[in-house]
Amino acid sequence: MDWSTRAYVAAYFAVSDVLAGKIKSDTTQLAVWILDIEMKALFPKLKVVKTPGGNNANLAAQSGLFTLLEQEGGRGRPFVGETALDLYFATQTLPPPLKKITLPISEARAVLDLCSLYGVTGATLFPDYYGATRASEDVLSTTPPVGALSFWST
């Protein structure tokens with residue numbers, strides 16, 4: 001699973017696809033998940049993997065890191081163990097270091113505006129042509145329609 005160490009990056013990803021219409025229309029809430037990685041020592045199968053950002057511009061721009069759950073396995077045998085963080089934490093006796101923050105989907109435009117104020121946009125998170133396209137789509141998805149255009153000739 002991929003994560004960001006920056007809250008506004010997580011917020012951006014929670015709202016941008018909603019505003020672009022890429023999420024089911026019956027969705028009513030946005031969600032950002034928080035993982036307290038300081039507690040990882042209490043959960044021995046949970047691993048936090050930090051990779052060098054110099055190898056991937058997107059990963060560096062997004063302050064990304066990854067989590068994985070260790071599983072038992074061997075040659076010719078299937079892996080054994082939980083693959084989902086929430087299910088893994090449910091089997092533990094300690095309170096989970098995983099928290100979910102939700103917000104009504106109606107606040108998505110305001111969240112995207114806040115992200116932009118803090119320099120978190122499609123262009124900054126994807127420093128290439130795709131990022132420029134994504135930033136343009138974000139602006140178009142948050143701009144209210146102006147109305148019909150009229151063309152005429154003389």
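Predicted model: local features only at pLDDT ≥ 70, side-chain atom pairs only at ≥ 80, totals over all residues.
Contact here means heavy atoms within 4.5 Å.

By the contact criterion, Y8, A11, Y12, V15 and L19 of helix 1 meet A108, R109, V111, L112, L114 and C115 of helix 4. Sorted by residue class, this contact comprises 10 nonpolar residues, no polar ones and 1 charged. An α-helix has 3.6 residues a turn, so residues three or four places apart point the same way.

The two helices cover residues 7–19 and 108–117, respectively, and they pack at an angle of about 135° with their axes 9 Å apart. Because angles of 65 to 115 degrees count as roughly perpendicular and those over 145 as roughly antiparallel, that angle makes helix 1 oblique to helix 4. The crossing of helix 1 with helix 4 is left-handed.

Just after helix 1, G21 adopts a positive phi of about 75°.

V9 leads on to another part of the chain. Q62 sits in the loop between helix 2 (57–61) and strand 4 (64–69). With residues up to four places away in sequence left out, Q62 touches S4, V9, F13, L125 and F126. Q62 has a relative accessibility of 14%, and since buried means under 20%, Q62 counts as buried.

Two other loop residues have intermediate accessibility. D128 is in the loop between helix 5 (122–125) and helix 6 (129–142). Its relative accessible area is 42%, so D128 is partly exposed. D128 and L114 are 14 residues apart in sequence, and their C-alpha atoms are 22 Å apart in space.

G81 belongs to the loop between strand 6 (77–80) and helix 3 (85–90). At a relative accessible area of 45%, G81 is partly exposed. Between G81 and E137 there are 40 Å from C-alpha to C-alpha, the two residues being 56 residues apart along the chain.

Note on methods
Residues numbered from 1 in each chain as written. Heavy atoms only, no water. Axes fitted to C-alpha atoms, helices over the stretch in contact; angles between N-to-C directions. Helix = DSSP H or I, 4+ residues; strand = E, 2+ residues; numbered from the N terminus. Parallel < 35°, antiparallel > 145°, perpendicular 65-115°, else oblique. Left-handed = near helix turned anticlockwise from the far one by under 90°. Nonpolar A, V, L, I, M, F, W, Y, C, P; charged D, E, K, R; others polar. Buried < 20%, exposed > 50% of the residue type's maximum accessible area, 1.4 Å probe, protein only.
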